[in-house]
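This briefing goes with the sequence and structure shown below.

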Amino acid sequence: MKKKGAQILWEALVREGVEVVFGYPGGAIMPAYDAMLDYPIHHVLVRHEQGAAHMANGYARASGKVGVAMATSGPGATNLVTGIANAMMDSVPIVCITGQVPAHLIGSDAFQETDVTGITLPITKHNYLVTRADEIARVVHEAFHIARSGRPGPVLIDLCKNAQFEEAEFDHYPPPIRLPGYQPVTRAPLHLLQKAARLINQAEQPVILCGHGVLMAGAEQELLYLATKAQIPVASTLLGLSAFPASHPLSLGMMGMHGEVHTNLAIQNSDLLIALGMRFDDRVTGVLKAYAPKATKIHIEIDPAEIRKNVYADVPLVGDLKLVLQDLIPLVEENDHSEWMAQILAWKAEADQRSIMNWEPDGKLHVPHLVREIWNATGGDAIISTDVGQHQMWAAQYYAFEKPNRLITSGGLGAMGFGLPAAIGAWFANKDREVWAIVGDGGFQMTAAELTTAVQEGANVKVAIMNNHFLGMVRQWQEFFFEKRYSAVDMLTPDFVKLAEAHHVPARRVTRPEEVQEALQWARQTRGPAVIEFVVEREDAVYPMVPQGAALHEMIQRPPRQRA
Amino acid sequence: MRYTFVVLVENKPGVLNRVASLFRRRNFNIESLAVGPTENPEISRMTIVVECPNGDTDAHRLEANLYKLVNVIDVQDVTHLPTVTRDLALIKVKAGPEQRAEVNNLASIFRARIVDVAPDSLTIEITGTEDKIESMIELLRPIGIIEMARTGQIAITRGTQSGIRRMPGLSNYYETTLDMSEVAF
């Protein structure tokens, strides 16, 4: 049956299981927006296209499905770019659909024409320029397949306006895929599994490094089984948090630049690292030549290009983490590493003496305490999305994540402005779940306009603004590494309560610890979005910290408390 | 050192750009890149000569990253294998009637051909390995090269042997590159 290209687009999206699209209309995508009215897909009108890409990201991570963002050509498409790059760095499956000028005008510098496939080439897993209606069904199907399979990532479809208008046959779906060069590997060969198992069985100080891949592959149960069977402690990357229950005795929490002291020491003293779905980012390893010098490394990873990119893997196992672990676990023997765990816990006990959590109340608000209060109020079960900076690290350190996909944060790209839109996207994935955006005063201002999106959609998203009137993380670096010469970090902030209220969002300001619990309960009981501005201690720093260029064990630890 | 890769890609618009962009993004320097059709009209063949300062480590990285491009079908490293490699150059030299014999002599020594003669210039076509072409250029330089065009190297392995494939999914990645003797057991 003949249909218009714009109709074929929505027919295909419906068949790919799309329920919600985050977008912003404009000239070159108008035929698609017109056809959209006839299809059972909910459209969320964002306030800036960056918000659409971040919402698609939050939705994808909270739902396990592919998130969809839509924008027009030119500025609409270029506004998506930060969100696409963010999805690329964090391997999040999103499909972005952008309008493009009619095919015959391409290259003529037509109104709102931009070379979007060119711009997004290095920040997409793949992209398409579609000039004819009869290509749409196949391209949409391929795009979803590529986005969600292998190492997931963003795929962009740049859709010429004429292709949306023109008619083509639309009969059966899905159309056949023609991707001769795209064959993700799923299983690792037996002899390497055996070698890995032998190393695991012989190790005395093993550590599992749990990355985002565990969540992407849905391998949380396999991880739990491997860790408990061989009694191996589990350290997480920032994006791996929530894959392994924080309350588990084998959980070491976060590793890396702002990782726990005992976690980083465990890695540095380990004789075997079992890296699961992670890529040895520089924020995780510290300086490479001093990284885990005694450890043999097993690297289980779906992307062959990550093997030996940063850290030499002695046994690389390329494949789908869930399947590889299922193959590996039977070869791993039950074991006991209680001596090793005792050593790690001794390190922890020593480090805990400096913990801010053991401070006497000082009448001020400190973000770690607030994160813990949010944890208490939400029963530890909320989806937490964050922006980027100090509050992000504190959220990662002090919200003890128990269940998978509860932390949604911008890891690899570190994109400020991510928190609020990602929270809105996450809410669409599961409208019954409590969603909190923990943001800083700087990042929040980048995408604060999405508050009205939340109101318009009735998105039940709570926003906790940690306002220290500073760009805190940059300030911290300037304090530590630039002789406290504060450059462009002191920030005048708007009256966030009035700002929220102007966006039709009820809001409160909290300045004293005794107001915190009541305010949190107020926000939780408020229908729809709510904002709390916490006016926090200005010059707190995130500890521990591995300075850039230092080895992972060379951490700056929190200085002993100075009494006033 | 210099590595030579044979890369089979889908014959679609923009694929050359994707490949070239990848080399730039991953900070590799292309020495030469030649593209042309193959016996299959849907597949193009690229011969890419690239500097790999860290040897096989870089070669592995490059191959792995090439496979991340959805349009890349096959990557073979032919650097260490017996291959036939050819480059073609068109060299226009400043040569009046009195230098024609000299140029003609040089051309015949190199089995090159004179493909265009004008009153004050000659154009020579030479095919061969890069070394051979470089030698000819050096001998022509004193006579006066006006301009030159080169195709870049193309390569094909000798016999039925194919190049080394390091990546999984297409052949046995582990056996060919990862020297498991490095792992002590």
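**Overview of chain A**

Chain A has 22 helices and 20 strands. Its radius of gyration is 24 Å, close to the 24 Å from the globule rule for 564 residues, so chain A is as compact as a globular protein of that length. The model is predicted.

**Size and packing**

- The C-alpha trace of chain A spans about 70 × 65 × 40 Å along its principal axes.
- Of the 564 residues in chain A, 57% are buried.
- Among contacts in chain A with a separation of 6 or more, 77% are between residues 24 or more positions apart.

**Contact between chains A and B**

- Chain A gives 23 residues to the contact, and chain B gives 23 residues.
- On the side of chain A that touches chain B, α8 (190–202) and β14 (315–318) each supply at least two residues.
- That side of chain A consists of 14 nonpolar, 4 polar and 5 charged residues.

**Helices α15 and α16 of chain A**

- Two packed helices are described by the angle between their axes and the distance between the axes.
- In chain A, α15 (residues 367–377) packs against α16 (residues 390–398) at an angle of about 50°, and their axes are 9 Å apart.
- The crossing of α15(A) and α16(A) is right-handed.
- From α15(A), V367(A), P368(A), V371(A) and R372(A) take part, and they meet residues of α16(A) including W394(A) and Y398(A).
- By class, the residues of this contact between α15(A) and α16(A) are 6 nonpolar, 3 polar and 1 charged.

Technical notes: Residues numbered from 1 in each chain as written. Chains lettered and ligands numbered in written order. Predicted model: local features only at pLDDT ≥ 70, side-chain atom pairs only at ≥ 80, totals over all residues. Helix = DSSP H or I, 4+ residues; strand = E, 2+ residues; numbered from the N terminus. Rg over C-alpha atoms; globule rule 2.2 N^0.38 Å. Buried ≥ 20, exposed ≤ 12 C-beta atoms within 10 Å, placed from the backbone. Contact = placed C-beta atoms within 7 Å. Nonpolar A, V, L, I, M, F, W, Y, C, P; charged D, E, K, R; others polar. Axes fitted to C-alpha atoms, helices over the stretch in contact; angles between N-to-C directions. Left-handed = near helix turned anticlockwise from the far one by under 90°.
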